[in-house]
Amino acid sequence: MGSKKYFSEVANKWDVMRQGFFSEEVRERAYSIAEVKKGQLAADIGAGTGFVTEGLLQKALKVIAVDWSDEMLHQMKQKFKDFEGVDYRQGEAENLPIDNNTVDYVMANMYLHHVDEPLTAIKEMVRILKSGGKIVITDLDEHNYEFLKLEHHDRWMGFKREDVEQWFLKAGLKNVIIDCAGGNCCTTSNCGCDKASISIFVAYGEK
Ligand SMILES: C[S@@+](CC[C@H](N)C(=O)[O-])C[C@H]1O[C@@H](n2cnc3c(N)ncnc32)[C@H](O)[C@@H]1O
């Protein structure tokens with residue numbers, strides 16, 4: 001099974017799975033490092049069922065939520081049906097369905113370790129940012145839990161923070177900060193014999 005099929009199959013239970021993996025602390029760190037302001041427009045890339053989008057709506061931002069899985073977007077639409085301010089778009093990492101220089105913020109939580117080419121995906125996220133806009137990626141530090149590739153279709157076993165910093169600089173970002181996001185991502189393998197606890201980084205930059 002490919003990664004896209006995997007996410008479509010788990011879409012209706014993603015919220016429960018997500019609560020087991022990581023907490024709200026990670027998205028709060030993303031909002032605070034970007035100093036998000038109400039009324040502004042953010043893109044949530046690899047939005048899933050809207051973990052990052054939800055907090056942005058609570059802070060009265062407008063959101064373009066992008067995911068390649070229609071099933072994930074469907075779950076999110078059901079969840080936020082009483083909210084205005086979300087624009088749901090199906091799209092892929094290499095070709096985001098958003099015009100150049102459109103959004104004030106780009107946020108992507110636990111998305112980068114699923115894409116084929118992280119630098120290409122980062123450049124594409126920078127493309128849609130307005131000049132002066134801010135990007136925040138929260139993701140896994142480098143780890144050696146092989147079962148995540150098999151059971152959760154992870155493409156990358158986390159990242160070295162120095163690699164992420166170099167990619168941000170190559171993508172033309174300024175004032176780059178790479179730091180701890182706080183909290184770990186935790187899960188146990190299907191056999192119960194391997195237990196992952198992986199630290200989470202926050203990567204910030206300005207266009
Ligand atoms: C681990 S989930 C994280 C979802 C959400 N950001 C969260 O924090 O709960 C990764 C999401 O990225 C999406 N995704 C993975 N690879 C993608 C790609 N190449 N293009 C677009 N979406 C992708 C998946 O469908 C899934 O919803």
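Guide: Helices α6 and α8 are oblique to each other, a word kept for angles that are not under 35 degrees (roughly parallel), over 145 (roughly antiparallel) or 65 to 115 (roughly perpendicular). The model is predicted, so that local features need pLDDT of at least 70 and side-chain atom pairs 80 or more, while totals for chains, interfaces and linings use all residues. Residues are numbered from 1 along each chain as its sequence is written, and side-chain values use heavy atoms, without hydrogens and water.

Visitor: At what angle do α6 and α8 pack, and how far apart are their axes?

Guide: Two packed helices are described by the angle and the distance between their axes. Here α6 (residues 118-128) and α8 (residues 161-170) pack at about 45°, with axes 9 Å apart; axes are fitted to C-alpha atoms over the stretch in contact, with angles from 0 to 180 degrees between N-to-C directions, and helices are DSSP runs (H or I, at least four residues) numbered from the N terminus.

Visitor: Which residues of α6 and α8 meet?

Guide: P118, L119, I122 and K123 in α6 meet W167, F168 and K170 in α8, where contact means heavy atoms within 4.5 Å.

Visitor: How do the axes of α3 and α4 cross?

Guide: The axes of α3 (residues 25-34) and α4 (residues 51-58) come within 10 Å and cross at roughly 55°, which makes α3 oblique to α4. On the α3 side the contact is made by V26, R27 and Y31, and on the α4 side by F51, V52, E54, G55, L56 and Q58.

Visitor: How many residues surround the ligand, and which are the closest?

Guide: The ligand is surrounded by 19 residues (a heavy atom within 4 Å), and the closest are W14, G46, D67, W68 and N109. For G46, a backbone N or O atom lies 2.7 Å from a ligand nitrogen atom. For D67, a side-chain N or O atom is 2.6 Å from an oxygen atom of the ligand, and for W68 a polar side-chain atom lies 2.9 Å from a ligand oxygen atom.

Key:
Helix = DSSP H or I, 4+ residues; strand = E, 2+ residues; numbered from the N terminus. Polar contact = N/O pair within 3.5 Å; in protein donor to acceptor, adjacent residues only side chain to side chain.
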